[in-house]
Amino acid sequence: QRSLLGLKDLNAAEIESILDRAAYWEQQSVKLNPVLQGKFVANMFFENSTRTRFSFEMAQKRLGAEVMNFAAAASSVEKGESIYDTVKTLESMGIDAGVIRLKPIGMLADIAANVKVPLINAGDGNNEHPTQALLDLYTMRKQFGSLQGLNVSIIGDVQHSRVARSNLWALRKFGANVSFCAPDSMRASDLDAPYISMDEAIRADVVMMLRVQLERHAGSVMNSAEAYREGYGLTVERAKQLAPHAIIMHPAPVNRNVEIDSDLVEHPQSRIFPQMSNGVPIRMAVMERALS
Ligand code: CP
């Protein structure tokens with residue numbers, strides 16, 4: 001039974017085995033493979049989610065698990081119960097594994113150390129979002145065959161991005177070259193990676209746009225959304241400079257016409273919706289790894 005709290009401390013072989021197992025699950029034509037029959041899993045989301053929550057549920061159901069969904073807004077968290085007590089409560093009732101998304105950074109490791117069931121990080125603050133990065137690596141590997149030597153530009157709100165952190169740490173283990181591009185106010189002082197200009201960033205093999213986290217910028221970015229788009233958005237005009245083999249990625253949700261023009265979301269070079277499809281076999285592999 002294995003938790004997945006982040007990719008920083010996972011080695012390349014372990015990551016690769018998850019990607020390989022996801023490829024196996026993607027190839028299965030039968031939708032229901034009840035390898036987790038009799039296992040109870042709880043999806044505990046203390047922060048909102050669409051993709052991560054539903055693709056975990058899809059993955060768990062495709063593997064035959066019994067799924068329980070916990071939404072903080074409809075729980076005793078509203079009465080002041082802590083995240084730790086909530087997780088311990090569900091563990092006491094007999095869950096076999098938990099998927100958890102939460103805001104506070106550093107709390108997840110403490111909780112995992114105090115419960116006996118495997119926990120899977122579905123995003124913790126701006127620290128890590130391991131299953132998002134796994135599906136991103138999977139998408140890149142499917143496209144290019146290998147991650148070795150791949151030039152990946154991660155553009156936008158790096159400071160608040162757990163996706164940027166998990167991708168940086170994971171991609172480097174496979175010899176990819178990761179660069180960031182961001183305005184000064186969105187740079188991350190804790191990350192050791194080069195910052196490059198927008199002109200340079202869009203010449204990469206992978207152009208990964210990040211969501212401007214409007215909820216964490218207290219409205220200031222929204223007031224200058226057009227200025228942000230001009231400086232750091234992937235506009236239709238800029239996309240003309242993409243290499244023909246390059247792909248556009250974005251973890252979503254997307255602020256259309258802020259970090260990426262609406263017309264590019266389903267552009268032939270965009271992999272935004274395929275990323276979401278790839279999230280299901282990745283999370284099947286992660287659930288199987290946790291419970292097998
Ligand atoms: N990419 C991602 O984590 O999306 P959700 O917030 O909808 O889960």
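**Figure 1. Contacts across the whole chain.** Residues 24 or more positions apart make up 77% of the protein's contacts with a separation of 6 or more; two residues are in contact if their C-beta atoms, placed from the backbone, lie within 7 Å. This is a predicted model, where local features need pLDDT of at least 70, side-chain atom pairs count only at pLDDT 80 or more, and totals for chains, interfaces and linings use all residues. Residue numbers start from 1 along each chain as its sequence is written. There are 11 helices and eight strands here (DSSP runs numbered from the N terminus: helices, H or I, of at least four residues, and strands, E, of at least two). Of the 292 residues, 45% count as buried (20 or more other C-beta atoms within 10 Å of a residue's own; 12 or fewer is exposed, in between is partly exposed, with C-beta atoms placed from the backbone).

**Figure 2. Helix H5 meets helix H6.** Take H5 (residues 130-144) and H6 (residues 162-173): their axes come within 8 Å and cross at roughly 55°. That makes H5 oblique to H6. Axes are lines fitted to C-alpha atoms, for helices over the stretch in contact, with angles from 0 to 180 degrees between N-to-C directions. Under 35 degrees is roughly parallel, over 145 roughly antiparallel, 65 to 115 roughly perpendicular, and the rest oblique. On the H5 side you'll find Pro130, Gln132, Ala133, Asp136 and Leu137, touching Val163, Ser166, Asn167, Ala170 and Leu171 of H6.

**Figure 3. Helix H1 meets helix H5.** H1 (residues 12-27) and H5 have axes that come within 10 Å and cross at roughly 70°, so H1 is roughly perpendicular to H5. By class, that's seven nonpolar, no polar and one charged (nonpolar: Ala, Val, Leu, Ile, Met, Phe, Trp, Tyr, Cys and Pro; charged: Asp, Glu, Lys and Arg; polar: the others, Gly among them).

Figure 4. Most residues other than glycine have a negative phi, and most peptide bonds are trans. Now look at alanine 252 and proline 253, joined by a cis peptide bond with omega about 5°. Alanine 252 isn't a glycine, yet its phi is positive, about 65°. With 18 C-beta neighbours inside 10 Å, alanine 252 is partly exposed.

**Figure 5. Asparagine 257, in that loop too.** Its phi is near 70°, a positive value in a residue other than glycine. Asparagine 257 is partly exposed, with 16 other C-beta atoms within 10 Å.
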